[in-house]
Amino acid sequence: MRIVRLVPAALLVAAAPSAPLRPGLWRFTNTPGAATLDGRALSELPVSPPTSETVCLTPADADAPARWLARDLLGDCTLTKTGMIGGAVDIAGACPASDEGRAPGSLRLTGRYTATSYDLRFATDAHGENGTMGFAGAMTGARVGDCPTP
């Protein structure tokens with residue numbers, strides 16, 4: 001005779017892994033840093049001031065946190081690495097070449113996260129007729145509450 005134990009559904013839900021970022025209303029700030037051309041700093045290139053925004057992280061977005069974090073950098077790029085494990089972020093992407101015969105561009109996000117905050121560094125590069133243009137900066141975010149109800 002076989003004994004079958006039934007586990008209450010609530011316990012199964014509690015045991016399921018949660019998304020790295022908790023759904024809700026998030027305030028984030030993007031701070032542009034350096035701009036380079038072929039590795040040389042472009043001090044004459046105007047770098048915009050930090051921008052802040054508040055956005056709702058839906059449960060569906062929380063299921064794909066790397067895509068959500070990279071959303072402002074993605075454009076027509078494809079994520080090739082979506083690492084978010086144990087508080088560490090390592091996200092990378094490949095971007096189509098700007099012109100035929102040029103190397104593809106890239107994006108990278110690295111840093112730390114908790115369920116309610118993140119502190120990341122970003123870097124992008126694109127290859128064009130004038131050389132390789134790079135941009136780098138920081139992105140921080142914090143959960144500030146629940147999303148407004150529609």
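The structure, a predicted model, holds two disulfides. Let's work through them together, then turn to two other residues.

**Exercise 1.** Find the partner of C56, and decide whether the disulfide is right-handed or left-handed.

*Solution.* Start with the sulfur atoms: those of C56 and C147 are 1.8 Å apart, and the two residues form a disulfide. Next, look along the S-S bond of C56 and C147. The torsion there is about 100°, so this disulfide is right-handed. Now place both ends. C56 sits in strand β3 (residues 51–57), while C147 belongs to the segment after β8 (131–145), so the bond ties together parts 91 residues apart in sequence. Finally, check accessibility. C56 has 28% relative accessibility and therefore counts as partly exposed; C147, with a relative accessible area of 23%, is partly exposed.

**Exercise 2.** Describe the link of C77 and C95: where do its ends lie, and are they buried or exposed?

*Solution.* The sulfur atoms of C77 and C95 are 2.0 Å apart, and the pair forms a disulfide. Its angle about the S-S bond is 105°, a right-handed link. C77 is found in the loop between α4 (71–74) and β4 (78–85), and C95 in strand β5 (residues 88–95). The two are 18 residues apart, and the pair links distant parts of the chain. As for accessibility, both C77 and C95 are buried.

**Exercise 3.** Number the bonded cysteines in sequence order and work out the pairing.

*Solution.* Take the pairs one at a time: C56 bonds with C147, and C77 bonds with C95. With the bonded cysteines numbered in sequence order, the pairing reads 1-4, 2-3.

**Exercise 4.** Find where D38 lies and say what stands out about its phi.

*Solution.* Go to the loop between β1 (24–37) and β2 (40–41), where D38 lies. Its phi is near 50°, a positive value in a residue other than glycine.

**Exercise 5.** Is N30 buried or exposed, and which side chain does its own side chain meet in a polar contact?

*Solution.* First locate N30, which is in strand β1. Its relative accessible area is 13%; buried means under 20%, so N30 is buried. Next, follow the side chain of N30 to the side chain of D72, with which it makes a polar contact at 3.1 Å. Then list the residues that N30 touches, leaving out those up to four places away in sequence: P50, T51, D72, A138 and M139.

Note on methods
Residues numbered from 1 in each chain as written. Predicted model: local features only at pLDDT ≥ 70, side-chain atom pairs only at ≥ 80, totals over all residues. Heavy atoms only, no water. Disulfide = S-S within 2.5 Å. Helix = DSSP H or I, 4+ residues; strand = E, 2+ residues; numbered from the N terminus. Buried < 20%, exposed > 50% of the residue type's maximum accessible area, 1.4 Å probe, protein only. Polar contact = N/O pair within 3.5 Å; in protein donor to acceptor, adjacent residues only side chain to side chain. Contact = heavy atoms within 4.5 Å.
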